[in-house]
Amino acid sequence: MHHHKALEIKNLFYSYPDGTKALKGVDLAVENGESVALLGPNGAGKSTLLLHLNGILQGQGEIRIFDLPIVHENIREIRRRVGVVFQDPDDQLFSPTVFDDVAFGPINMGLTREEVNIRVNKALEDVGMDGYEEKAAYHLSFGQKKRVAAATVLSMEPDILALDEPSSNLDARGRRELLNILCALPVTKVIITHDLLFVYELCERAVIMDDGKIVADGPIDEIMTDVELLEKHGLEVPLGYSELKEKAKKESKVRRLKSPNG
């Protein structure tokens with residue numbers, strides 16, 4: 001099989017209907033299997049960029065997903081291959097039950113009832129929410145909703161997972177559970193976040209956006225040690241970087257001890 005980049009964006013511009021320029025010439029390539037943190041201040045264009053990855057928004061420029069251009073006739077295939085998880089899970093959950101929400105994508109893909117059931121079970125298991133099929137989303141905690149929202153795209157077995165602030169509003173335990181879930185998923189990931197400790201364990205590369213452009217792109221270690229760069233773009237390392245590394249090491253050790261089966 002010919003090797004294609006998972007994601008290739010060339011010279012992408014986007015203006016909102018009111019004329020606000022949100023993206024001002026973005027170039028970004030992501031390899032298959034890479035995990036990339038997308039950092040930057042509010043209003044930098046991060047969420048706008050994410051919504052271009054599956055054609056929810058369409059600007060000027062070129063975007064290819066596994067060499068498939070995002071054009072009208074490819075949209076169904078693109079949406080199957082790119083799962084976008086919004087910051088607010090209530091934007092993603094609208095069915096009477098958790099099962100129906102997670103089954104929505106696979107049903108639209110035209111899968112058989114049996115295949116749909118298998119996909120739903122697997123996706124809910126992946127996010128630790130099996131057993132909640134018959135619950136209504138509004139009975140769930142915020143953290144549980146976040147996990148079900150992720151399951152609604154995982155059930156389509158995407159090749160790219162794009163998440164907007166996945167750890168926001170989660171307590172420490174919910175955050176850790178979500179992190180473990182995401183670490184275990186072998187897909188390409190693009191993650192918008194303000195939570196540097198969260199992505200430090202998850203991503204090997206970080207991209208900083210500011211004012212509609214990419215201003216830095218490199219190994220996450222290098223980006224996170226460049227305090228001047230971070231401060232210039234309204235980002236702060238939550239702890240001293242060395243403490244951060246130690247904490248990440250400690251936490252991942254703990255995680256290994258607890259789950260011998262993988």
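Between which two strands does the loop that holds Glu-31 lie? Glu-31 sits in the loop that joins strand E2 (21-30) to strand E3 (35-39). The model is predicted, so that local features need pLDDT of at least 70 and side-chain atom pairs count only at pLDDT 80 or more, whereas totals for chains, interfaces and linings use all residues. Residues are numbered from 1 along each chain as its sequence is written, and side-chain values use heavy atoms, with hydrogens and water left out.

**View 1. The whole protein chain.** The chain has ten helices and ten strands, where helices (H or I, at least four residues) and strands (E, at least two) are DSSP runs numbered from the N terminus. Of its 262 residues, 50% are buried, that is, under 20% relative accessible area, with exposed meaning over 50% and partly exposed in between (1.4 Å probe, protein chains only).

**View 2. The surroundings of Glu-31.** Glu-31 counts as partly exposed because its relative accessibility is 30%. The C-alpha atoms of Glu-31 and Thr-188 are separated by 7.7 Å, although the two residues are 157 residues apart along the chain.

**View 3. The largest nonpolar core.** Leu-39 and Leu-161 touch the most other members of this 47-residue core, a nonpolar core being a set of buried Ala, Val, Leu, Ile, Met, Phe, Trp, Tyr and Cys residues joined through side-chain atoms within 4.5 Å. Helix H5 (residues 142-154) gives the most to this core, namely six residues.

**View 4. Contacts of Leu-161.** Leaving aside residues up to four places away in sequence, Leu-161 touches residues including Gly-83, Val-153, Leu-182 and Thr-188, contact meaning heavy atoms within 4.5 Å.
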